[in-house]
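Work through the exercises below with the sequence and the model open. Each task is followed by a solution in steps.

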Amino acid sequence: DIMIIWGGRTSIQSKGYQRGRNIRLKYADYEFIKKRARLIKTISPEIIRGNLVSKTAINYGTFGVHGIVPEYQYMRTIEIEHGRNINEADNDQARAVCIIGSEVNDQLFNGGDSTGRPVTIGGRSFTVIGVMPFKDQNNSYSGQDRREIFIPFDTLRRYFSNPGLGQDTDLLNNMIAAPISAPLHEEAEKEVRALLGETHNFDPLDDDAVFVWNTARQAKMIDSMLASMQWFLATVGAVTLLLGAVGVINIMLISVRERTMEIGVRKSVGARRRDILWQFFAESFALCALSGFIGLGLGWGICLLVNSLGMKNQVFAGAIVTPEIGLIAFGILALVGIGSGLYPAHTAAEMDPIEALRYENS
């Protein structure tokens with residue numbers, strides 16, 4: 001539930017300024033939003049340098065280098081397998097320390113725990129204080145984190161100015177912000193646009209002036225899509241069970257008709273109404289239970305087969321079967337068995353023995 005914010009280009013004339021102006025985010029924008037925003041819980045500036053060569057005694061490579069503040073790590077799930085996170089002291093003192101992704105660690109240090117070891121980034125010596133575990137990502141705005149290096153924000157501003165901007169280290173690539181709660185993500189985005197519109201003199205309704213990737217909106221859209229799919233599949237399942245129940249009712253009614261003499265004979269020798277009712281109800285329920293358990297077994301087997309094919313990944317978690325699903329399926333199966341057995345059993349129990357014998361002999 002975060003928002004990634006980039007500067008854009010205005011498309012609406014506002015406050016005496018022509019449209020078409022480039023909006024470039026600055027460190028002052030981060031400080032302004034952090035101070036003024038009521039609906040933003042956490043915000044972090046970010047500067048990215050993608051042209052810095054990193055070297056060790058073992059190997060070298062070009063990786064993305066991100067200047068971040070400590071809050072960034074929690075919003076972006078920068079977890080640590082070895083070592084520690086970047087803290088406030090690292091940033092305040094512009095320490096030459098870094099956190100490296102798992103693939104960076106493999107390439108520069110041949111894997112393992114490389115905390116405390118030196119690495120040269122852009123010609124300057126740094127010390128590794130943290131190593132990330134392998135991280136799966138199904139989307140990214142600047143590359144996979146496992147191939148990135150993270151250093152304190154003020155360290156990057158001090159050592160690595162943007163080559164195309166001279167010594168202006170106040171410009172940001174983007175900002176990361178988290179709303180105080182996921183349901184308020186739309187209001188939080190509007191507040192950010194309004195505050196940036198105040199500092200950069202653009203209309204807050206100008207969506208092109210600032211680009212915002214609101215992951216909460218994306219998650220809401222995906223949840224809505226999955227909920228629609230669940231309702232559709234539940235409807236299909238309900239209709240299928242209804243048709244199955246109708247089929248069982250028809251089969252049992254045929255059985256009742258074919259066994260009319262048996263019912264008449266049993267009643268004539270003293271069988272009570274409830275005896276006939278329980279007999280046919282038990283047969284109907286047994287038929288539903290047998291076919292239902294066969295279906296459950298087949299479904300479970302298909303799920304196990306799908307899971308054994310190695311199709312699981314960060315998007316598809318496999319065909320998950322839980323005790324809750326099993327109990328729901330069992331409960332629905334019991335209701336179908338009871339519902340489809342009552343009518344045929346009632347029909348058989350209400351037969352008049354004389355009419356039953358006469359019908360069979362005719």
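**Exercise 1: the lining of the largest pocket**

α7 gives the most to the lining of the largest pocket, with twelve residues. The model is a predicted one.

Task: State the volume of the largest pocket, find which residues lie closest to its centre, and sort its lining by class.

Solution. 
1. The volume comes to about 1,200 Å³.
2. The lining has 29 residues, and those closest to the centre are Gln230, Leu233, Ala234, Gly237 and Ile325.
3. At least two lining residues come from each of α7 (215-258), α9 (273-308) and α10 (323-349).
4. Sorted by class, the lining holds 21 nonpolar and eight polar residues, with no charged ones.

**Exercise 2: the helix α7**

Task: Compare the reach of α7 with its expected span, then list which of its residues are buried and what they pack against.

Solution. 
1. α7 has 44 residues, and from first to last C-alpha it reaches 64 Å.
2. At 1.5 Å a residue, 64 Å is expected, and the reach of α7 is close to that.
3. With buried taken as under 20% relative accessible area, the buried residues of α7 are Thr215, Ala216, Ala245, Val248, Ile249, Met252, Ser255 and Val256.

Key:
Residues numbered from 1 in each chain as written. Predicted model: local features only at pLDDT ≥ 70, side-chain atom pairs only at ≥ 80, totals over all residues. Heavy atoms only, no water. 1 Å grid on protein atoms, 1.4 Å probe; cavity = no way out; pocket = protein on both sides within 12 Å on 5 of 7 lines; lining within 4 Å. Points joined across faces, edges and corners; volume = space filled by probe spheres on them. Helix = DSSP H or I, 4+ residues; strand = E, 2+ residues; numbered from the N terminus. Nonpolar A, V, L, I, M, F, W, Y, C, P; charged D, E, K, R; others polar. Expected span 1.5 Å × (residues − 1). Buried < 20%, exposed > 50% of the residue type's maximum accessible area, 1.4 Å probe, protein only. Contact = heavy atoms within 4.5 Å.
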